[in-house]
Each structure stands twice: as C-alpha cells, then as structure tokens.
Amino acid sequence: SSRANNDFVVTNEELIPTISLDKIEGIDLFGALILTSQSDLLSILKNGESTLHKTLLIDIAITDDVLYDGQMGEAEIIDLVTSLGFSFYSVVPSDNSTQLAQKSFLFIPNSLRLTKIGDDEFKVLENILKILYKISFFE
C-alpha cells in the first residue's frame, strides 16, 4: 500500500489462500490459538468450531484503532468467542510497544467445558497461563 493524505490507499490486492481450522488434521489438542483483531475472526472461528472444542485458550491481540473496514470491536469479539463455548478470562497488556496491538484478550473454556476436560488438559492450560502470561490460574 501507499500513503496518501495520511490515509492508506490500497494499490494492490492479493488473494492469500487459507485453510479452515477444521481441516487441520492430526492434532488432538490445541493448547493456544493466537489471533489478532486484524484477522477475519468471524470466518476463522466459525469455520473452526470442531477445532475449538479441542482448544484450551484463545488469545486475541487487540488494537485500539480500527485499521480496516469490518474489523470487529472489543464487545463483538467477546460476544463471538463466548458464543463458541469460551469465557473471557483476562486482559494482558502487550509487552512490546512496537506492536500495533496494545493488549490481548484471553479466553478459556466456559465452566461447563472446564468440568469436562481431563486433569492432563487442565495442567496444560495452567502451564500455558503461567509460562506465556505469568498468570496463576487461581488468581
């Protein structure tokens, strides 16, 4: 893209092939699914409902500024992800001031789904929170 009048102008568009989350094979458990609010979250998550049942944490990097048409806002993101069996868990500030994202929203399986995961999966979730985010699950 080029810049004109302090706004970005699209000078070239390329179709980038993607794969549906549900077409990924051979993975029994997704510890963390990390996305950005700049992604087509609605399409990604709606085309990955089976995969989401095997996912312990969703991390969505959020920008305070709307960067493109159709970018979901914070409330829309929370509504979408909670409608897919997750609970909003925490906001984590970005540790890199050069990134566009100022924070990440973390989602974990909702209380019903948490009661159905095994001890090993629960330990994986605890370790992800502790190692990646410096969060104790019971804080």
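Predicted model: local features only at pLDDT ≥ 70, side-chain atom pairs only at ≥ 80, totals over all residues.

1. Which two residues have side chains that meet in a salt bridge? The side chains of Glu-74 and Lys-103 do so, with 3.0 Å from N to O. A salt bridge here is a side-chain nitrogen of Lys or Arg within 4 Å of a carboxyl oxygen of Asp or Glu. By this rule the count comes to one salt bridge. Glu-74 lies in helix H3 (residues 74-83) and Lys-103 in strand S6 (residues 103-109), so the pair ties together parts that are 29 residues apart in sequence. In general, side chains of opposite charge can pair when their charged atoms come close.

2. Residues are numbered from 1 along each chain as its sequence is written, and side-chain values use heavy atoms, with hydrogens and water left out.

3. Buried means under 20% relative accessible area, exposed means over 50%, and partly exposed lies in between (1.4 Å probe, protein chains only). Glu-74 is partly exposed, at 34%, and Lys-103 is buried, at 18%. Of the 139 residues in the protein, 32% are buried.

4. The protein has five helices and six strands. Helices (H or I, at least four residues) and strands (E, at least two) are DSSP runs, numbered from the N terminus. From that end, the elements run β-β-β-α-α-β-α-β-β-α-α.

5. Four strands form an open sheet in the order S3-S4-S6-S5, with mixed pairing. Strand S3 (30-36) and strand S5 (86-93) stand at the edges with a single partner strand each, so one side of each is left without a neighbour in the sheet. The twist from one strand to the next averages 20°. Two strands pair if DSSP finds at least two bridges between them; S3 and strand S4 (residues 55-62) pair in the parallel sense over six bridges. Ile-34 stands opposite Asp-59 in S4.

6. H3 lies across S4, S5 and S6 and runs at about 20° to S6. H5 lies across S3, S4, S5 and S6, at about 25° to S4. Axes are lines fitted to C-alpha atoms, for helices over the stretch in contact (heavy atoms within 4.5 Å), and angles run from 0 to 180 degrees between N-to-C directions.

7. A nonpolar core is a set of buried Ala, Val, Leu, Ile, Met, Phe, Trp, Tyr and Cys residues joined through side-chain atoms within 4.5 Å. The largest has 17 residues, and those with the most contacts inside it are Leu-45, Ile-58, Ile-60, Ile-77, Val-81 and Phe-107. S3, helix H1 (41-46), S4, H3 and S6 each supply at least two residues of this core. Apart from it lies another core, of 12 residues, including Leu-57, Ile-108, Ile-117 and Tyr-133.

8. Beyond its neighbours within four places in sequence, Ile-60 is in contact with residues including Leu-35, Ile-77, Val-81, Lys-103 and Phe-107. Lys-103 is also a partner in the salt bridge with Glu-74.

9. Lastly, Lys-134 lies in the segment after helix H5 (119-133). Its phi is near 60°, a positive value in a residue other than glycine. Lys-134 counts as exposed, at 65% relative accessibility.
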